[in-house]
Amino acid sequence: MADEPLVLGIETSCDETGVGVVRGTTLLADAVASSVDEHARYGGVVPEIASRAHLEAMVPTIERALAEAGVAASDLDGVAVTAGPGLAGALLVGVSAAKAYAYALDKPLYGVNHLASHICVDQLEHGPLPEPTMALLVSGGHSSLLLAPDITTDVRPLGATIDDAAGEAFDKVARVLGLGFPGGPAIDREARRGDPAAIAFPRGLTGPRDAPFDFSFSGLKTAVARWVETQRRAGVDVPVADVAASFQEAVTDVLTRKAIRACRAEGVDHLMIGGGVAANTRLRAMAEERCAAAGITLRVPRPGLCTDNGAMVAALGAEMVARNRPPSALGLPADSSLPVTEPLAPAGVTR
């Protein structure tokens, strides 16, 4: 509909320069410029390289997104940007660009939360979010269980990782196995050839006295590394596919088990899964199986909308406009530790 808000979204929390254009809950454009190849030689994201890549890609990516959407910058009803959490330098590039466009175009600016955006992007594929929404967010920097009665004002953390996030564990295990970076897709590919029951790797924080909704993958990562080291010291070939499959099974088992438990505890009959690790095929399959058995409706965006992108930022920005939330001021800071309880970043606040 023509009266639905048209919003440009900018995402630069890590190594992806993402720019999306959304009208209401309809995705018009999703342009991404990735610097992942520049980080691969280092085995992980280098903040300085990411920041420089964002600087170089920003204007061309915005122009590409506007052209793909078939709209002019002057047509926009608002500009949204990831204000945090993320890498400080990378965030600063996106926030500065968003401020410049908002000021030049005389459009309202919305500094939104990266994690809340990962939840809101599901609206672009499956329609308006149920209220409340139960979300399992899994990525390189976050493993969180969140309850969102209102995605624009009220997001409540139920549990989070206490050490390594799931995506970080994937990267580290892939490095141990010599599979390169990023580790998630590589582990997923190898695991398809392996036996997920070959090795009994531990499931962290699943005991009766453990925090029911928190996650821990550091011990699992260490267990994999020690198992592989033991094999190599004994002169035995490491069954890479079996290790990958068994590790992946341990991660997805814990994630889905806790997500189902959270739904039951909160009386929510649906589950949304987002973040980069949500692209993992085994996580999707296990979540589908367990949700079906528990009578829970599963919502997972297509893989391209699970990884960091500008569309998710635009989606949350459009929701802010639609619900008449007050925009951010041009004094909006980039906040690398912005809490998920703040879907819309307060302007002028430093931490």
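**View 1. Strand 9 and strand 10 run side by side in the parallel sense.** Strand 9 covers residues 270-274 and pairs with strand 10 over 3 bridges; strands pair here if DSSP finds at least two bridges between them. Helices (H or I, at least four residues) and strands (E, at least two) are DSSP runs, numbered from the N terminus. Look for His270, which stands opposite Thr297 in strand 10. This is a predicted model, in which local features need pLDDT of at least 70, side-chain atom pairs count only at pLDDT 80 or more, and totals for chains, interfaces and linings use all residues. Residues are numbered from 1 along each chain as its sequence is written, and side-chain values use heavy atoms, with hydrogens and water left out.

**View 2. Asp188 sits in helix 7 (residues 183-191).** At 6% relative accessibility, Asp188 counts as buried (under 20% relative accessible area; exposed is over 50%, partly exposed in between; 1.4 Å probe, protein chains only). Leaving aside residues up to four places away in sequence, Asp188 touches Gln248, Ala279, Asn280 and Thr281. With the side chain of Thr281, the Asp188 side chain makes a polar contact at 2.7 Å (a pair of N or O atoms within 3.5 Å; within protein, one must be able to donate a hydrogen and the other to accept it, and residues adjacent in sequence count only if both atoms are side-chain atoms).

Note on methods. Contact = heavy atoms within 4.5 Å.
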